Amino acid sequence: LPMLVIGVAAYVGWKTGNLAQVVFAASLVMAFLIPFGVNMTVRSDLRTDMLHLPLLKSLPIAGGDLVLMEVLSSALPMAALQILFVAIGAAMLLFTGSPLKIAPGALAAALAAVPVVSVVLCTAYCTILNASAVLFPAWVRLGQPGTGGIEMMGQTMLTVLANVLAQLRLLLIPAAFGGAIWYALKSYPAVAIGAGVLLACVALSSECYGIMLALGQAFERAEPQQVS
């Protein structure tokens, strides 16, 4: 998929003669697709480590702390890739000549918020992925991704759909808080973006941490025969 996006971007840029603008659009598309692509290929979290449940439970680490570390082991690399692609897209804004009417202050506030937003969103996404591995180990495919039949494809599609719906539900409260701040301070776009993003990220982080603590308790109750 990344090679397809890059190939299409190169072709369109060559045909239109405005490669910078196409690279800008392609970078944003890649940043959006990163979580889904990394989800299928990088599984350095409980989706793999649940197979070593006896070893994990022998570690002198509280369940909630272990879940936090497992989530961040996938979320941080994912966020780093997202930030890289957004940075490339932001650099291309200097050369696109885009007709978008964005106030410089608002644009600066949005770009400054990207690292925080990326880390928090990726953490939320990985929290849900790890929750499925802890709560439904018999349903989720544990271990590294591999080939499977048509039934495995259907199971994967259902799992991805359930994860997306769970994340959308997780975003309801942060979106409401952020929207309320934007509505109250919309006369000052830069301040509204900064305050809205900060409050939304705090709300989402609080939700994720609460889920991790609950997952830690579920992890401590898990038995090896559940994942065998």
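Which residues does A203 touch, not counting residues up to four places away in sequence? A203 touches P174 and F177. Contact here means heavy atoms within 4.5 Å.

The model is predicted: local features need pLDDT of at least 70, side-chain atom pairs count only at pLDDT 80 or more, and totals for chains, interfaces and linings use all residues. Residues are numbered from 1 along each chain as its sequence is written, and side-chain values use heavy atoms, with hydrogens and water left out.

The protein chain has nine helices and zero strands. Helices (H or I, at least four residues) and strands (E, at least two) are DSSP runs, numbered from the N terminus. Read from the N terminus, the order of elements is α-α-α-α-α-α-α-α-α. The protein chain holds 228 residues, and 36% of them count as buried. Buried means under 20% relative accessible area, exposed means over 50%, and partly exposed lies in between (1.4 Å probe, protein chains only). Among contacts in the protein chain with a separation of 6 or more, 79% join residues 24 or more positions apart.

Two packed helices are described by the angle between their axes and the distance between the axes. Helix α8 covers residues 172-185, and helix α9 covers residues 189-221. Their axes come within 8 Å and cross at roughly 160 degrees. Axes are lines fitted to C-alpha atoms, for helices over the stretch in contact, and angles run from 0 to 180 degrees between N-to-C directions. α8 and α9 are therefore roughly antiparallel to each other. Angles under 35 degrees count as roughly parallel, over 145 as roughly antiparallel, 65 to 115 as roughly perpendicular and the rest as oblique. The crossing of α8 past α9 is right-handed. A crossing is right-handed if the near helix is turned clockwise from the far one by less than a right angle, and left-handed if anticlockwise.

On the α8 side, the residues that meet α9 are I173, P174, F177, G178, I181, W182 and L185. The α9 side includes P189, V191, A192, I193 and A195. It also includes A203, L204 and E207. By class, the contact of α8 with α9 has 15 nonpolar, two polar and one charged residues. Ala, Val, Leu, Ile, Met, Phe, Trp, Tyr, Cys and Pro count as nonpolar, Asp, Glu, Lys and Arg as charged, and the others, Gly among them, as polar.

A203 lies in helix α9. A203 is buried, because its relative accessible area is 12%. A203 and A176 are 27 residues apart in sequence, and their C-alpha atoms are 9.9 Å apart in space.

Helix α5 (residues 63-96) holds G64. G64 has a relative accessible area of 14%, so it is buried. G64 and Y209 are 145 residues apart along the chain, yet their C-alpha atoms are separated by 8.6 Å. G64 touches M212 and G216, not counting residues up to four places away in sequence.

I83 is also placed in helix α5. I83 counts as partly exposed, because its relative accessibility is 26%. I83 is in contact with P115 and S118, leaving aside neighbours within four places in sequence. I83 and V117 are 34 residues apart in sequence and 9.6 Å apart in space, C-alpha to C-alpha.

Side chains of opposite charge can pair when their charged atoms come close. A search of the whole structure finds one salt bridge, defined as a side-chain nitrogen of Lys or Arg within 4 Å of a carboxyl oxygen of Asp or Glu. D45 pairs with R47 in this salt bridge, and the closest N and O atoms are 2.9 Å apart. D45 counts as buried at 0% relative accessibility. R47 counts as buried at 3%.
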